[in-house]
Amino acid sequence: MANEQKKTVKVQLVRSPIGTKGDHRATVRGLGLRKLNSVSELEDTPAVRGMINKIDYLVKVL
């Protein structure tokens, strides 16, 4: 099982986090998103899914 594929999820920042709660801005940064329309490919874990759900109004899952 050494070369088993890890499940990933791509997330794109589609709305600016300016004017949102501080912890939501921190979540955006925690997902590795910086500029508008930036895309980050992350491992699909419950923690990452929770972060995406928290800021679902700012991001799009690809």
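Helices (H or I, at least four residues) and strands (E, at least two) are DSSP runs, numbered from the N terminus. The model shown is predicted: local features need pLDDT of at least 70, side-chain atom pairs count only at pLDDT 80 or more, and totals for chains, interfaces and linings use all residues. Residues are numbered from 1 along each chain as its sequence is written, and side-chain values use heavy atoms, with hydrogens and water left out.

View 1. From the N terminus, the order of elements is β-α-β-α-β. The C-alpha trace spans about 45 × 20 × 15 Å along its principal axes. Of the 62 residues, 31% are buried. Buried means under 20% relative accessible area, exposed means over 50%, and partly exposed lies in between (1.4 Å probe, protein chains only). Take the contacts (heavy atoms within 4.5 Å) between residues at least 6 apart in sequence: 71% of them join residues at least 24 apart.

**View 2. The surface and charges of the protein chain.** The chain exposes about 4500 Å², and carbon and sulfur atoms supply 51% of that area. Areas come from the Shrake-Rupley method with a 1.4 Å probe; for residues, only the protein chains shown count as cover. There are 12 positive and 6 negative side chains. Lys and Arg count as positive, Asp and Glu as negative; His and the chain ends are not counted. The centres of the two sets lie 9 Å apart. Each charge is placed at NZ of Lys, CZ of Arg, CG of Asp or CD of Glu.

**View 3. Strand β1 and its partners, β2 and β3.** Two strands pair if DSSP finds at least two bridges between them. Strand β1 (residues 8-13) pairs with strand β2 (residues 39-43) in the antiparallel sense, over 5 bridges. Here Q12 stands opposite V39 of β2. β1 and β3 also run antiparallel, joined by 3 bridges. In this pairing, L13 faces V59 of β3.

**View 4. V61 in strand β3.** The strand covers residues 59-61. V61 counts as partly exposed because its relative accessibility is 42%. Beyond its neighbours within four places in sequence, V61 contacts V9, K10 and I52. D44 is 17 residues away along the chain, and its C-alpha atom is separated from that of V61 by 11 Å.

**View 5. The buried face of helix α1.** The helix runs over residues 22-30, and its buried residues are H24, T27 and V28. Seen down the axis of α1, these residues fall within an arc of 100 degrees, so they line one face of the helix. The arc is that of the directions from the helix axis to the C-beta atoms. An α-helix has 3.6 residues a turn, so residues three or four places apart point the same way. The cover over the buried residues of α1 includes β1 and α2 (46-54).

**View 6. H24 in helix α1.** H24 is buried because its relative accessible area is 13%. Leaving out residues up to four places away in sequence, H24 touches K54, I55 and Y57.

**View 7. Positive phi at G32 and N37.** G32 follows α1, with phi near 85 degrees. N37 lies in the loop between α1 and β2. Its phi is near 70 degrees, a positive value in a residue other than glycine. Most residues other than glycine have a negative phi. N37 counts as partly exposed, at 48% relative accessibility.
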